[in-house]
Amino acid sequence: MKLAAVVPEAERVYAVFRQETKSEAHVHVGDVHAPDPRMALVLAKEQFARRDPCVSLWVVPYTAIEATAPEDAEMFQPATDKSYRFGGSYREQQRVYGRRRGA
C-alpha cells in the first residue's frame with residue numbers, strides 16, 4: 001500500500017530524517033510540506049537542523065513510501081511463541097532456570 005493513499009496531499013509531503021552524528025543512523029524527525037525536494041530540504045534544514053546537532057538530512061516524498069496497511073498487523077505476529085527472547089521475560093527465564101538448578 002502506498003502511504004500516499006492514506007495521506008491527503010501526499011505529493012507535497014516529505015518525511016524528514018536527521019542524522020545527529022556520522023556514527024548514528026538517520027532518524028525520522030517529522031514532515032514538511034513543499035512543492036519539490038530542493039525546497040523540502042531547505043524547509044527541513046530550517047525546521048529540524050537549526051538548533052539540534054545534525055550532519056545529514058534526508059527528505060523522502062510520501063509518494064515513494066510503501067507501507068503495510070493497519071489491518072495487516074497480524075503478519076508481524078511470530079508463528080511460534082518466542083517471548084522468552086524479550087527482555088520482559090527475564091524473570092520467567094530466571095524462574096525456569098531456578099527450577100532446573102533446584103533452587
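Begin by selecting Ala 40, Ala 44 and Phe 48 in helix H1, which are buried in this predicted model. If you then turn the view until you look down the axis of H1, you will find that its buried residues fall within an arc of 35°, and so they line one face of the helix.

Next, show the whole of H1, residues 37-48, which lies across S1, S2 and S3 and runs at about 120° to S2. Its 12 residues, at 1.5 Å a residue, should span 16 Å, and the C-alpha atoms at its ends are 15 Å apart, which agrees. At the N-terminal end of H1, select Asp 36, which caps the helix with a side-chain oxygen lying 3.1 Å from the backbone nitrogen of Arg 38.

Move on to the sheet, where three strands are arranged in the order S2-S1-S3, with antiparallel pairing, to form an open sheet. Select S2 (27-33) and S3 (56-61), which stand at the edges with a single partner strand each, so that one side of each is left without a neighbour in the sheet. Looking from one strand to the next, you can follow a twist that averages 30°.

Which residue of S3 is the bridge partner of Arg 18? Leu 57 is that partner.

Notes
Residues numbered from 1 in each chain as written. Predicted model: local features only at pLDDT ≥ 70, side-chain atom pairs only at ≥ 80, totals over all residues. Heavy atoms only, no water. Pairing = 2+ DSSP bridges. Helix = DSSP H or I, 4+ residues; strand = E, 2+ residues; numbered from the N terminus. Axes fitted to C-alpha atoms, helices over the stretch in contact; angles between N-to-C directions. Contact = heavy atoms within 4.5 Å. Expected span 1.5 Å × (residues − 1). Buried < 20%, exposed > 50% of the residue type's maximum accessible area, 1.4 Å probe, protein only. Arc of directions from axis to C-beta. Polar contact = N/O pair within 3.5 Å; in protein donor to acceptor, adjacent residues only side chain to side chain.
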